[in-house]
Amino acid sequence: MILAIDSSIGTSVALCDPSGRLASARSEAGHLTHAEVVGALIGGVLEDAGVGPAEVSAVASGMGPGPFTGLRIGIAAARAFGVARRVPVVPVLSHDAIAAARLESPIAGELVVVTDARRREVAWTRYSGVDPSGPVRIGGPELAPRDVFEVLDAERLDAMDVPAEFVARLAALTLAGRRAGEADEPVYLRAPDVTLSSRKRVTP
Amino acid sequence: MTTREPLVLGIETSCDETGIGIVRGRRLLSNRIASSMDEHARYGGVVPEVAARAHLEALVPTIDAAVAEAGVELDELDAVAVTIGPGLAGALMVGVGAAKALAVGLGKPLYAVNHLVGHVGADLLTPDSGRIEYPTVALLVSGGHTSLLLVRDLVDDVELLGETIDDAAGEAFDKVARVLGLPYPGGPEIDRAAATGDPAAIRFPRGLTAPKDLDRHRYDFSFSGLKTAVARWVEKREADGDPVPVADVAASFREAVVDVLVSKALAACRDTGVPRLLLGGGVVANRRLRDVAAQRAAEAGVDLRIPPLDLCTDNGAMIAVLAAERIRAGHAPSSQLAAADSTLPVTLIQVP
């Protein structure tokens with residue numbers, strides 16, 4: 001079974017068989033509760049499917065883009081579960097999973113997946129369509145100012161959650177050698193906020 | 001109920017060190033630490049987001065290293081322990097997310113425990129020393145904490161006597177190092193500069209030691225005013241066109257910090273009638289603190305305990321041993337829904 005974990009928006013977890021068929025899924029919409037709920041969601045999908053942790057043969061990890069603090073928690077959980085069972089952890093771009101779900105049904109032209117990136121910005125990724133390897137990415141992921149970002153020549157999909165089922169399905173394609181793997185690093189899209197310190201004078 | 005000592009893996013990510021430790025009861029099997037300190041150096045202090053990113057990258061390699069060193073298999077563990085607070089929120093949550101998934105993946109219980117009480121527990125792992133006796137006073141000094149505790153029982157009775165009301169002692173070392181043009185981290189740099197200095201050259205203020213302050217803040221600390229006093233003194237010299245005697249300033253500043261730490265800790269021993277003092281936290285690496293504490297504790301008839309340095313700095317083994325003690329005492333595991341708490345009080349030794 002493939003266990004998929006994504007915390008790039010809320011927290012979503014799914015369990016699929018190796019062909020990508022869904023066995024169980026659970027999610028929590030909260031943007032601040034990832035570290036609280038992630039373990040219970042994993043335990044919950046295993047219980048729902050009547051599957052023990054030892055039956056998990058791979059973990060699929062949604063790598064973002066998404067706000068740093070929450071995004072990392074799902075990745076940390078995916079990697080830790082992978083270590084626990086000594087099974088591979090397959091990184092998947094979270095936007096790809098959103099696109100894969102939408103592209104289950106036909107679409108006229110291209111697709112742009114958009115998610116909130118906070119600080120008045122959005123993260124976007126553009127797809128030309130879908131082929132046997134899954135959604136075909138042709139632009140992004142990148143950040144853009146929320147107020148001026150417009151999509152005029154493609155369908156725009158503003159996503160409020162990531163379907164973990166499709167994170168698992170894309171990982172299944174990668175494991176089957178049918179889809180290129182992603183880099184095993186979180187897609188933060190932003191450098192940490194830091195300022196170089198300097199000595200401050202205290203004498204008035 | 002088995003009488004076998006619990007085998008516990010502890011995960012610590014409350015600040016800039018990713019610590020993974022494995023213990024069997026009170027026996028240390030491994031203690032691996034990956035630090036992101038070098039990445040913070042150019043910023044002059046720990047940057048929370050840099051620390052949190054580094055935890056995610058260091059997590060699995062550090063777990064693998066700890067498991068290999070301990071010579072155990074993860075499946076053999078009896079429990080997974082994690083620091084649930086206090087600490088940097090974003091950093092804590094990396095460890096918490098990982099610990100929960102590790103526990104579910106192994107089908108083992110989770111123990112979400114207090115970082116500061118973990119520092120006290122580190123003493124149990126100290127090799128070749130007699131068992132710690134309770135009650136004991138504990139002085140925990142690091143870059144993020146300066147706390148004085150009265151520990152009546154490690155697993156269920158810890159009281160906060162006092163803590164810093166502004167900067168932590170380690171933070172003051174970093175800030176004064178910057179004033180003196182020394183690099184980060186400031187502790188070892190100030191120590192080096194102070195080696196040839198006169199600790200009595202300049203009388204810097206001892207925060208919260210005046211009679212009026214002792215009423216309300218008998219066991220509290222304040223290092224912000226000291227840092228400002230050092231900066232003023234240095235700026236005055238510079239304005240007058242005089243060279244800054246870096247060694248004397250470093251030695252005098254360090255003496256002020258050490259004096260107030262040791263004085264208040266021994267006052268707590270005296271007031272509570274507890275002739276035992278335990279030191280913990282990264283600032284214990286400071287030789288002068290250890291020496292002055294040893295000398296004055298001996299004079300006061302107080303038994304001083306200082307765990308080895310790799311157990312004083314943040315580490316996962318202390319988290320594991322605290323959980324092992326809780327297990328031995330029959331405490332139930334934490335909920336999978338336990339929430340990281342950046343200001344967790346010391347009275348909450350384990351989050352339910």
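# Reading two chains, term by term

Tutor: In this predicted model, helix α8(B) is followed by Gly241(B), whose phi is positive, near 75 degrees.

Student: Which residues of α8(B) are buried, and what do they pack against?

Tutor: The buried ones are Leu226(B), Lys227(B), Thr228(B), Val230(B), Ala231(B), Val234(B) and Glu235(B). They pack against α5 (169-179) and α9 (246-272) of chain B.

Student: Why is α9(B) called largely enclosed?

Tutor: A residue is buried when its relative accessible area is under 20%. In α9(B), 21 of the 27 residues are buried, so the rest of the structure largely encloses this helix. Its length agrees with expectation as well: 27 residues should span 39 Å, and the end C-alpha atoms are 39 Å apart. After α9(B) comes Gly273(B), with a positive phi near 70 degrees.

Student: Which residues in chain A have a positive phi although they are not glycine?

Tutor: Among them are Arg86(A), at about 55 degrees, and Leu189(A), at about 65 degrees. Arg86(A) is in the loop between α2 and β5 (89-92) of chain A. Leu189(A) lies in the segment after α4 (164-175) of chain A.

Student: Why is Pro135(A) called buried?

Tutor: The relative accessible area of Pro135(A) is 4%, and the limit is under 20%, so Pro135(A) is buried. Pro135(A) is placed in strand β8 (residues 134-145) of chain A. Beyond its neighbours within four places in sequence, Pro135(A) is in contact with several residues, including Asp96(A), Leu103(A), Tyr127(A), Leu170(A) and Arg179(A).

Student: Where does Pro135(B) lie, and what kind of peptide bond joins Tyr134(B) to Pro135(B)?

Tutor: Pro135(B) lies in the loop between α4 (115-121) and β6 (136-141) of chain B. The bond between Tyr134(B) and Pro135(B) is cis, with omega about 0 degrees. A cis bond also joins Tyr184(B) and Pro185(B), where omega is about -5 degrees.

Student: How do you know that Arg179(A) and Asp96(A) form a salt bridge?

Tutor: The rule asks for a side-chain nitrogen of Lys or Arg within 4 Å of a carboxyl oxygen of Asp or Glu. Here the closest N and O atoms are 2.7 Å apart, so the pair meets the rule. Arg179(A) lies in the segment after α4 of chain A and Asp96(A) in helix α3 (residues 94-102), so the pair ties together parts that are 83 residues apart in sequence. Both Arg179(A) and Asp96(A) are buried.

Student: What makes Asp116(A) and Arg146(A) a salt bridge, and how exposed are they?

Tutor: Their N to O separation is 3.3 Å, and the limit is 4 Å, so the pair counts. Asp116(A) has 41% relative accessibility and is partly exposed; Arg146(A), at 36%, is partly exposed too.

Student: Are Arg120(A) and Asp147(A) buried or exposed?

Tutor: Both are exposed. Their side chains also meet in a salt bridge, 2.5 Å from N to O. The pair links distant parts of the chain, with Arg120(A) in the loop between β6 and β7 and Asp147(A) in the loop between β8 and β9, 27 residues apart.

Student: How many salt bridges are there between chain A and chain B?

Tutor: There are six. One of them pairs Arg201(A) with Glu238(B), with the closest N and O atoms 3.9 Å apart. The limit is within 4 Å, so this pair qualifies.

Student: How many residues does each chain give to the contact, and what area is buried?

Tutor: Chain A gives 40 residues and chain B gives 41. The buried area is about 3400 Å², with 63% of it from carbon and sulfur atoms. Arg72(A), Arg199(A) and Val202(A) supply 19% of the area that chain A buries against chain B, more than any other three residues.

Terms used
Residues numbered from 1 in each chain as written. Chains lettered and ligands numbered in written order. Predicted model: local features only at pLDDT ≥ 70, side-chain atom pairs only at ≥ 80, totals over all residues. Heavy atoms only, no water. Buried < 20%, exposed > 50% of the residue type's maximum accessible area, 1.4 Å probe, protein only. Helix = DSSP H or I, 4+ residues; strand = E, 2+ residues; numbered from the N terminus. Contact = heavy atoms within 4.5 Å. Buried area = accessible area lost by both parts, 1.4 Å probe. Expected span 1.5 Å × (residues − 1).
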